[in-house]
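Try each task before you read its solution.

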Amino acid sequence: MLFLLALIPQSPLPEGNVGIASKYAGDRGIDRDPAVIFHDDFEVGTPNQKWSMSFRMENIRMAKEPENVHSGKSAVELTLPKASAEHSNALLKIFQPGYDTVFLRYYSRFDPKFDQLGSSHNGGDLTALAPGIALSTPGIRADGKNKFVASFENWRADDAKPSPGEMNVYCYHPEQRSEWGDHFFPSGTVLPFTYKPGDFGPSFIKRPEVIQKLGQWYCYEMMVKANTPGKRDGRIACWLDGKIVADFPNLRLRDVASLKINHAFLDLHIGSNTRRENKKWYDDAVIATSYIGPMK
C-alpha cells in the first residue's frame, strides 16, 4: 500500500538549561511539575520500587560507590554476566493511556571496560503498544496500529569502532526496512541497507556520528513525537549533555491516533556476551511531556 503523507515544517528544538530541570536545583521537587510523568533519583528503596516492572533482578542492584553515582548517594547498576546466551536487564515504566509526545531524560555511565559487539540495547527506550501487544515482540513489524519503538542506544558491529559504538536510535516503525527494525544514525545513515539514505525530509540536518567515552557520566535525553495520522510530522530527537546530537523529522510512526507512547525502559541487553562481564549505571531519570534538559 502506498502512503502519500503530507510534509509538515518542523519547529526548532530547545537546547541546554532551558527545560523543566532548570526550575528545580538538583531535580528537587521536579516530580511535582505538571509536565512530569515520572521521576526516580534512585535514592529510596529498591532499584525497582518506583517502576512498573523489572527484569533479571538478580543482576540489578543499588550502587553506592561514588564513581558509580551521578548525584546523591546511589544509582541503579545493571550487570550482564559473561555468557553466550542472550541476556537482558531492564526497568520498565508503564503510563496509560499514553501521550503523543514524550521526553525521557536520564544520566548514565558505561563500565570503563565495556566491550560488546552486535545486538545490544543499552540506553533509554520509549514505546507505544496497542492493547494486547506483548512487551517484547522482536521480529514483528510495526504496522501503524500495533506498536512503534524508539531506543536511544549505541551500536558496534566490529572491533574497528571504539566501544561502546556509535550512538543511534533503534526504531520499529511502519516503513522499517527489516523485520528487526532500523538503526537511525545522526548523519542520516540507516541500517540495514546503508546504501539507501534515510527519508527524513528536506529539513533534515546531518550531524556527526558520536561515540561517548567509557566510564564517564553523560546526560541523555530523547524526544519521541508521534505523527498525526496521515501526516509526516512524527519526530525523534536526541540530546547529549543538553546538546542536540540527532534529529529525525518527517516520520510516520503510526496510522491511528489511539496508538500513544505508554512505556519507557532503561535497559542493558546483549545478544551474546562472550567477552566479559559488562555493567552500566543509570541515575536521575525523568519522563515528561516537554523538554527536561540537564540537571541544574
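Buried means under 20% relative accessible area, exposed means over 50%, and partly exposed lies in between (1.4 Å probe, protein chains only). The model is predicted: local features need pLDDT of at least 70, side-chain atom pairs count only at pLDDT 80 or more, and totals for chains, interfaces and linings use all residues. Residues are numbered from 1 along each chain as its sequence is written, and side-chain values use heavy atoms, with hydrogens and water left out.

**Exercise 1.** Count the aromatic pairs, then classify Phe-103 and Trp-239.

Step 1. Take the rings of Phe, Tyr and Trp (its six-membered ring); they pair if their centres lie within 6.5 Å. Planes under 30 degrees apart are stacked, over 60 edge-to-face, and the rest tilted. The count is 17 aromatic pairs.

Step 2. Phe-103 and Trp-239 are 6.0 Å apart, centre to centre, with 40 degrees between the planes. The pair is tilted.

Step 3. Strands are DSSP runs of E, at least two residues, numbered from the N terminus. Phe-103 is in strand β7 (residues 101–110) and Trp-239 in strand β16 (residues 234–240), so the pair ties together parts 136 residues apart in sequence.

**Exercise 2.** Decide whether Phe-103 and Trp-239 are buried or exposed.

Step 1. Phe-103 has 6% relative accessibility, so Phe-103 is buried.

Step 2. Trp-239 has a relative accessible area of 0%, so Trp-239 is buried.

**Exercise 3.** Classify the pair of Tyr-170 and Tyr-172.

Step 1. Their centres are 5.7 Å apart, with 85 degrees between the planes. The pair is edge-to-face.

Step 2. Both Tyr-170 and Tyr-172 are buried.

How values were computed
Helix = DSSP H or I, 4+ residues; strand = E, 2+ residues; numbered from the N terminus.
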